[in-house]
Amino acid sequence: MLNQNTKLQIAWQKYLELHAERDKLYAEGDKLHAEGNKLRAEGDKLHAEGNKLRAEGEVLFYTAVINQYGKDAVVEFNEKGCQIESSKGVFNVDWEK
């Protein structure tokens, strides 16, 4: 039978092992958190670039509409493309044609 001192030593050793395992898990969690932050930053950068490209595309599109149909042109988008109404008339634009 183990004496009280031996039991305490075994318990303390187990505590140290569990503490070391916890520290390993914390370190792994910190590493994953840092990787996640890096990926989020990269995603945010790509999202911003996508927004910039979308805005540039919208400027090009609406500039072309104004140049072709006039400043009073109103664009309504639909499943197939869009309908443009202006003082020049009503025009249906099909993206697939």
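## S86 and its surroundings

In this predicted model, the side chain of S86 places a polar atom 2.9 Å from the backbone oxygen of Y69, a polar contact being a pair of N or O atoms within 3.5 Å, in which, within protein, one must be able to donate a hydrogen and the other to accept it, and residues adjacent in sequence count only if both atoms are side-chain atoms. S86 is found in strand 2, strands being DSSP runs of E with at least two residues and helices runs of H or I with at least four, numbered from the N terminus.

S86 counts as buried because its relative accessibility is 14%, where buried means under 20% relative accessible area with a 1.4 Å probe and protein chains only. Leaving aside residues up to four places away in sequence, S86 touches Y69, D72, A73 and F91, contact meaning heavy atoms within 4.5 Å.

## Helix 1

Helix 1 covers residues 4-69 and reaches 94 Å from its first C-alpha to its last, close to the 98 Å expected, which is 1.5 Å times one less than its number of residues.

## Nonpolar core

The largest nonpolar core consists of V65, Y69, V75, C82 and I84, such a core being a set of buried Ala, Val, Leu, Ile, Met, Phe, Trp, Tyr and Cys residues joined through side-chain atoms within 4.5 Å. Helix 1 and strand 2 (81-86) each supply at least two of its residues.

## Basis of the values

Residues are numbered from 1 along each chain as its sequence is written, and side-chain values use heavy atoms, without hydrogens or water. Because the model is predicted, local features need pLDDT of at least 70 and side-chain atom pairs count only at pLDDT 80 or more, whereas totals for chains, interfaces and linings use all residues.

Notes: Buried means under 20% relative accessible area, exposed over 50%, partly exposed in between (1.4 Å probe, protein chains only).
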